[in-house]
Every structure is written in structure tokens, then in C-alpha cells.
Amino acid sequence: MQVLTVNENEAGQRLDKLLSKYLNLAPKSFLYKMMRKKNITLNGKRCEGSEKLQLFDQITLFLSDETIDKFSEATFRAQQEPNPSQSGCHNGNVVQGSPLKLDIIYEDEHILVINKPVGILSQKAKESDYSLVEQVINYLIESRRIPIEQLRTFRPSVCNRLDRNTSGLVIAGKSLAGLQIMSEALKDRSIHKYYQCIVAGELSQKQVIAGFLKKEEPRNQVTIHQREVKGSVPIMTEYVPLASNESYTLLRVTLITGRTHQIRAHLSSIGHPIVGDYKYGLESVNKVAKQKYGIRSQLLHSWKLVMPKLPKPLEYLSGTQFTAPLPEGFRRVIKAEGLKITNT
């Protein structure tokens, strides 16, 4: 027999959903049969599975340990971190800083704000990948912030994603409330996100540019059009020059709309591709940046997040700003090119 007490990360969901996570190898027919026979009860009473769980509810499994073990499989196994000697290069792009240790900007009981380095995925693309999600979970377990048993019914995860070779701020939810509230605020775009990037050529005026973006799925690429075409969606991007010379401009960029590869493709479409961008950039620009400054990935950085008014239990974060310092590659180009930053 086992007694499960519903915690904050489990409350609010249906009983049958929680049971399917805890006894994740058991057929649903078995779970419903056990509930009908009162071998599984909720707060000492017969249950059907459709009940919405409340904090501190008690679920009693009148099952043998052998049966529970038979129908339970650990849903998390600590994944081995990649070998540092092999992790520094992904598709020719050098990781800026170690991807093996989290650079934590902020942490509380509900969220983590992480400065993601270049070269690591936000989430797995395939089973063998070691992504930021695995880093977060390993960190939380190793630092004893969460018990490994909790991963049966709740999995911490990232709330927003950056391309592998884009650096900067990523929010991760440590609790269900943190994950849900942050994900919703990112989805409705009430969290204000600001990026910095270095582009080819000189830009001197603040601009809001518009267009239409179309995904080219087989190539994992997008194209920008001045007029609407079939399958395209409207986009708007704002940029503010912070420093420039004849060769490069450091920009602060705000996404008015948020689409896949929007900043990279949109800036390239106006003739100012991001330096080091091997998908949307110029080969001649990237070659010079690689030779002179060792730049092997796009100089695009998620620099600042500004929180909106948030509901409980995250109301204390309302209006909070988080910033991540520019990576070393940015600083190297800025210093060598004499780019004097006038404002941010």
C-alpha cells in the first residue's frame, strides 16, 4: 500500500491524469478497474478518475509494492553531460563558455532565469541530445532543490526557446505555477523581450520594419517577402542602433511579432545580416569575422526581459527586469572595432 499526498505541482489536474503519470506503464482500463473496486481511493472514498485534485488530497493505492513497481517506470534518468572536449563545437559553431554549468541570473522557488551560452539546445531535438532542460533537471536534483521522485508527476522545463547558436535569457519553470504563468506570459507577449546583435553595415536610425515570413519546413529556414504570399504571416521588427562604424552596427532589437528566425531573416532581408549567421548571413562577412575575431556563430543575444503584472503566486516578480551580459565574442568585436555604445 502507498499513500500519495497531492502537492502544489499536482493540484488542479484530474485524478486519472495523475495516476497515469505515477503508474505510467499501467493500462487505463487497469486504473479504472482499481478505482471501481476501491483498490485506489481518494480521501478514503470511492473515486471515478474525473475528480479534480486539491492540494493535500490523499490518494491511497491498496496495491502491493510488486504491482506498483511493475506498473511504474522512472521517467527520468540523469543523462550524462557531453564530453567537454566534444561539446565545444556544433555544426562548426564554437560554444562561448562552458555549456555544462548553468549560468543562473535569478532563482526562486518557482522559476530560474538562465543565461544560455551558444552551442546548446533549449530542448531536445532527438533522444540522444543533452539540452538546457536536462541541465536544469540535473541541477535541481543535484542541488536537492527537488526530489527525484517528484519527476514522476511533474517535470521542470524551459518556458521559452532560443536557437542553438543564439545566447541569452531563458526562463525555466521549477514549479507548475512557475511553468504555467511564465509560459502564458510569453505566449501572450506581455513579457517584453529585448535582443542585441551585431549586423553587417552601418545603420544610424531607429526603424520599425514590416514584412511577411514564410516557413520552408524541409530546410528549417524562413523567407521574407514584402507582400503577402501563400502560407506567410505578417511580421514587425523594431531596431535601435547603439553603436556603429562603416563595417558593423550594434543593434537593440525588439520583436513586435515573434516568429521562427524572425530577427535573423528580417535583418538579412534589408541588407544587414547578423555577423556570424551561416544560415541567413553573407559568406564574405562571416569569413572576415571568423578570421579577425574568431566568430563562428551568429552574434545574436537575448539581452533583457521585463516582467508584466503577474498573478499569484508570482505577483512579486511584477515589473522585475533581468539582463544577461553580452558574450565575449560581442565584446571582442565591439572593442576591436571601436564601437562606442551611446545608450541601451
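This is a predicted model: local features need pLDDT of at least 70, side-chain atom pairs count only at pLDDT 80 or more; totals for chains, interfaces and linings use all residues.
Biologist: Is H110 buried or exposed?

Modeller: H110 counts as buried, because its relative accessibility is 5% and the cut-off for buried is under 20%.

Biologist: And which side chain does H110 meet in a polar contact?

Modeller: That of S175, through a polar contact of 2.6 Å between the two side chains. Leaving out residues up to four places away in sequence, H110 also touches A172, G173, K174, A177 and G178, as well as P313, L314 and Y316.

Biologist: Changing topic, how many aromatic pairs does a search of the whole structure find?

Modeller: The search finds 2 aromatic pairs. In one of them, the rings of F30 and F71 have centres 4.6 Å apart and planes at 40°, so this pair is tilted.

Biologist: Which parts does the pair of F30 and F71 tie together?

Modeller: F30 belongs to helix α2 (residues 28–36), whereas F71 is in the loop between α3 (65–70) and α4 (84–87), so the pair connects parts that are 41 residues apart in sequence. Both F30 and F71 are buried.

Biologist: What about Y106 and F322?

Modeller: The ring centres of Y106 and F322 are 5.1 Å apart and the planes lie at 45°, so this pair is tilted. Y106 lies in strand β6 and F322 in strand β16 (residues 321–323), so parts that are 216 residues apart in sequence are tied together. Y106 is partly exposed, with a relative accessible area of 24%, whereas F322 is buried, at 5%.

Biologist: Which charged end sits over the ring of Y22?

Modeller: That of R152, which is 4.6 Å from the centre of the Y22 ring. Elsewhere, K304 lies over the face of Y194, at 5.2 Å from the ring centre.

Biologist: Now the largest nonpolar core: which residues touch the most other members?

Modeller: C197, L251, V253, I263 and L267, out of 27 residues in that core. At least two residues of the core come from each of β7, α5 (132–142), β9 (167–173), β10, β14 and α7. The element that gives the most is α5, with 5 residues.

Biologist: What is C197 in contact with?

Modeller: Setting aside neighbours within four places in sequence, C197 is in contact with T249, L250, L251, V253, L267, I274, L299, L300 and F330. Apart from this core lies another, of 21 residues, including L15, I40, I59 and F71.

Biologist: How many residues of α7 are buried?

Modeller: In helix α7 (residues 262–269), 6 of the 8 residues are buried. They are Q262, I263, R264, A265, H266 and L267. Their cover includes β10, β11 (207–216), β12 (221–225), β13 (232–244), β14 and β15. Just after α7, G271 adopts a positive phi of about 90°.

Biologist: And α9, which of its residues are buried?

Modeller: Helix α9 spans residues 328–337, and G329, F330, V333, I334 and E337 are buried there. Viewed down the axis of α9, these buried residues fall within an arc of 130°, so they line one face of the helix.

Biologist: What covers the buried residues of α9?

Modeller: The cover includes β10 (192–200), β14 (248–255), α8 (283–293) and β15 (300–306). Just after α9, G338 has a positive phi of about 65°.

Biologist: R332 is in helix α9 as well. What does R332 touch?

Modeller: R332 touches Y293, G294 and I295, not counting residues up to four places away in sequence. The C-alpha atoms of R332 and Y293 are 7.0 Å apart, although 39 residues separate the two in sequence. R332 is partly exposed, with a relative accessible area of 28%.

Biologist: Last topic: S29 is in helix α2. Is S29 buried or exposed?

Modeller: S29 is exposed, with a relative accessible area of 55%. Between the C-alpha atoms of S29 and Q298 the separation is 51 Å, and the two are 269 residues apart along the chain.

Terms used
Residues are numbered from 1 along each chain as its sequence is written. Side-chain values use heavy atoms; hydrogens and water are left out. Buried means under 20% relative accessible area, exposed over 50%, partly exposed in between (1.4 Å probe, protein chains only). Helices (H or I, at least four residues) and strands (E, at least two) are DSSP runs, numbered from the N terminus. The arc is that of the directions from the helix axis to the C-beta atoms. Contact means heavy atoms within 4.5 Å. A polar contact is a pair of N or O atoms within 3.5 Å; within protein, one must be able to donate a hydrogen and the other to accept it, and residues adjacent in sequence count only if both atoms are side-chain atoms. Rings of Phe, Tyr and Trp (its six-membered ring) pair if their centres lie within 6.5 Å; planes under 30 degrees apart count as stacked, over 60 as edge-to-face and the rest as tilted. A charge sits over a ring if NZ of Lys or CZ of Arg is within 6 Å of the ring centre and within 35 degrees of the ring normal. A nonpolar core is a set of buried Ala, Val, Leu, Ile, Met, Phe, Trp, Tyr and Cys residues joined through side-chain atoms within 4.5 Å.
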